[in-house]
Structure formats: structure tokens, C-alpha cells
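Colleague: I have a model open on my screen and would like to talk through how it packs. Could you take me through it?

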Amino acid sequence: MAAGVYKRTGPVLLTGATGYIAGWVLRRLLEEGFTVHAAVRDPGNDEKCGPLEAMAKELPGTLRFFAADLLEEGSYAAAMAGCERVIHTASPFLMRFEDARRELVEPALEGTRNVLKEAMRTETVKRVVITSSCAAVYGDNADIREVPGKAFTEAEWNATSRLDHKPYSYSKTLAEKEAWKLAEGQDRWSLVALNPSLVLGPGIQPMTRSGSFELMRDLGNGTLSMGVPVYPFGAVDVREVAEAHLKASLDESVASGRYILSGHDTDLVELAGILRAEFGDRFALPRRVLPKWLVWLAGPFVDPSLTRAVISRNVGIRIAFDNRRSREILGIRYRPLKDSAVEMFRQMVSAGLVDPLH
């Protein structure tokens, strides 16, 4: 969508502004000429905030940083003051963690609660958009067997994840349910939940801590050189996700509710094949498809989060997503999966995050 199509009505609050998705949301807001109140943990962190400040200098909008902590109630008050639109992206997406409750569940749940409670206290707020996840729609691929249309829709909710089974999915489910509970307790602002699948594509800055970058790094640095299983999932480009955030937050015609953002039904084998076709033998990309029985036997020893329950309920089970609402209401047009994967991997190589074999 061309810049300059949204009416500027005041500053927009963007939480987690240094994050992967948020970086592109910030860029689009600045392109549209908005003043963005960027809430981050440490505005003095030049490594994270510096690239965003440099970007802002080249775009028509205005960037202002505010210190805020997901776990501290009231810390978003200054950043939210005067804002009609709140975009809450701040929530951890980690593939590796030591304490799921502390690193995933508490920041996701308490952060959502603190941001939305502040919205209840801020009289100017009219619309809140939260970055949820397809992980709040389903927990395991096996859940597709219970879906009437054989494709996940916004009507489904994850009912199978727990703290000890798919804790990231559990964290996103708890957080989104809390958001809807709080939204229903007031009538001044409306809520939109965006539910992207695995987000791919280049970052505004490639050093962002995100499970998407961890996965791509593992594919290219030899961690998965022995092979990958057929582990199906949905994928979407980060730029489409950012555009959906803009449309949902700034366009008055967009109804509140949930919107699945997923452009492609894919898997690890296809993703690795796309990268091999583009980069050849320069990287230790996986070539072998691991059979499910072998992954079931060895997986838990290689990766503790890859439990036998996870393997049984996900590996080899195809899934699909119904993205009609995102296309018809948000106007999202999904680019080819190859473009997202190749551009992301190439950026990581340029940044020294993945080393070639030779």
C-alpha cells in the first residue's frame, strides 16, 4: 500500500519497538508521517535503538522513545498519553529458554495485562491492536483433525498447550484470552488480535532476538545438517504482518476481532530446499528428510523441547490456514515464500549471523 493513505490523528504507541515485527510496523508508521511513541525497555541502548533512530531521520514521521517494562504496571502511562492507537507487539518468541514461565508466560500475559489496563485508564485510546499468534488458534498439528473445514480459522482456540507442552503457544493463548477479557470490560476502545504463523523475511535490523532468526540460523550453520523432519507449519512475510498492523490500527472500517495472517502452508523440508536451491553448497543446509520414528527416538536427546508428545502430535501431520479475512478485510496480498526465505537468509549472511562452509 502506498504511503500517505492514512489520516493522522495523533501519536501512535508501539510497544516492543526494537522487535522483529515492530521494526517494520515502525517503518510503515514513519513512512505515513505519524509520530510514534516507541516503548522499549532501555531507550539508551544504542545497539537496538540506534538503527531505528537512523531510519526515522530518513522518513517523514517522528520517533520518540519511552522507557517501559512489560512486568511493571503503570510503566506505559507516559508513552500512551495522548495516543488514540495502541499497537502491542512486545512479547517473547524464543526457541531456547531455561524457565518457560519466567521467560515466556509471564512477559506475554503480564505485559498484555499491563498495556491494556493502561489503555483503560487513558481516555484518548480508541483502538488497540495486539500481536497474537496462530499459536493461540491451535496447539498441535493434530488439532486439525477436529476442525470441520480442515483449515484453521479465527473461530478455533488452542486448547492443548500447557506450560510443559508447547509453552510458547500456551503463553500466546493466555495473553490473547486476557486481552479479550479486558476488552469486554469496557466500551471506549475496540480490540483487534492479529494471529500470524511463522514470520519470515528480512528484519529492519538482523540482530533481533526472535525464534524466526534462530530457526534460520540453525538451518544454515550445520545444527540441522543431519536432516530435518517433515514438520508442517504456516509461514508469512514480516512485511505483510506489518501492513496488517497498520490497517487494523488506523483504518476505521476494519472490524474488531481476530485475523489469521498466514500466506503459505509449508514445512522444514520445503524451507531447507528453497535455501539450497538459491545458495547451493555454500552452507551446511540440511539435505536429508528424517523419518518420524527416528525423530521420536532421538529428538528429546537433541532438543529437550522436542518431546515425544510434540513429535507424535506434529511431525508428518499436514495443516492449513484459512486466511480469507486477512485478504478480504485487511487487503493483504501474500508474496512468494521463496522471496521471504531467501531475503532473510541473505541478510543474515551479510550480517555474519550464518557463516559459509568455504
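This is a predicted model: local features need pLDDT of at least 70, side-chain atom pairs count only at pLDDT 80 or more; totals for chains, interfaces and linings use all residues.

Colleague: Fine. How many residues has the largest nonpolar core?

Modeller: The largest nonpolar core has 73 residues, and those with the most contacts inside it are L29, L63, L194, M216 and L330. A nonpolar core here is a set of buried Ala, Val, Leu, Ile, Met, Phe, Trp, Tyr and Cys residues joined through side-chain atoms within 4.5 Å, where buried means under 20% relative accessible area, exposed over 50% and partly exposed in between, with a 1.4 Å probe and protein chains only.

Colleague: Which helix gives the most to this core?

Modeller: Helix α1 (residues 20-31) does, with eight residues; helices are DSSP runs of H or I with at least four residues, strands are runs of E with at least two, and both are numbered from the N terminus.

Colleague: And what does L330 touch?

Modeller: Leaving out residues up to four places away in sequence, L330 touches L194, A244, K247, A248, V254, Y259, L261 and R325, with contact meaning heavy atoms within 4.5 Å.

Modeller: There is also a second, separate core of 24 residues, which includes A39, C83, L116 and I130.

Colleague: Switching to helix pairs, at what angle do α8 and α12 cross?

Modeller: The axes of α8 (residues 268-279) and α12 (residues 337-350) cross at roughly 65° and come within 10 Å. That makes the two helices, α8 and α12, roughly perpendicular, a label for angles of 65 to 115 degrees, with under 35 roughly parallel, over 145 roughly antiparallel and the rest oblique.

Colleague: Which residues of α8 and α12 make the contact?

Modeller: E270, L271, I274, L275, E278 and F279 of α8 meet L337, K338, A341, V342, F345 and R346 of α12.

Colleague: What about α1 and α2?

Modeller: The axes of α1 and α2 (residues 46-57) come within 10 Å and cross at roughly 20°, which makes α1 roughly parallel to α2. G23, L26, R27 and L30 of α1 contact L52, M55 and A56 of α2.

Colleague: Last one: is H88 buried or exposed?

Modeller: H88 counts as buried, because its relative accessibility is 3%. H88 lies in strand β4 (residues 85-88), and among the residues it touches, not counting those up to four places away in sequence, are T15, L70, G111 and I130.

Terms used: Residues are numbered from 1 along each chain as its sequence is written. Side-chain values use heavy atoms; hydrogens and water are left out. Axes are lines fitted to C-alpha atoms, for helices over the stretch in contact, and angles run from 0 to 180 degrees between N-to-C directions.
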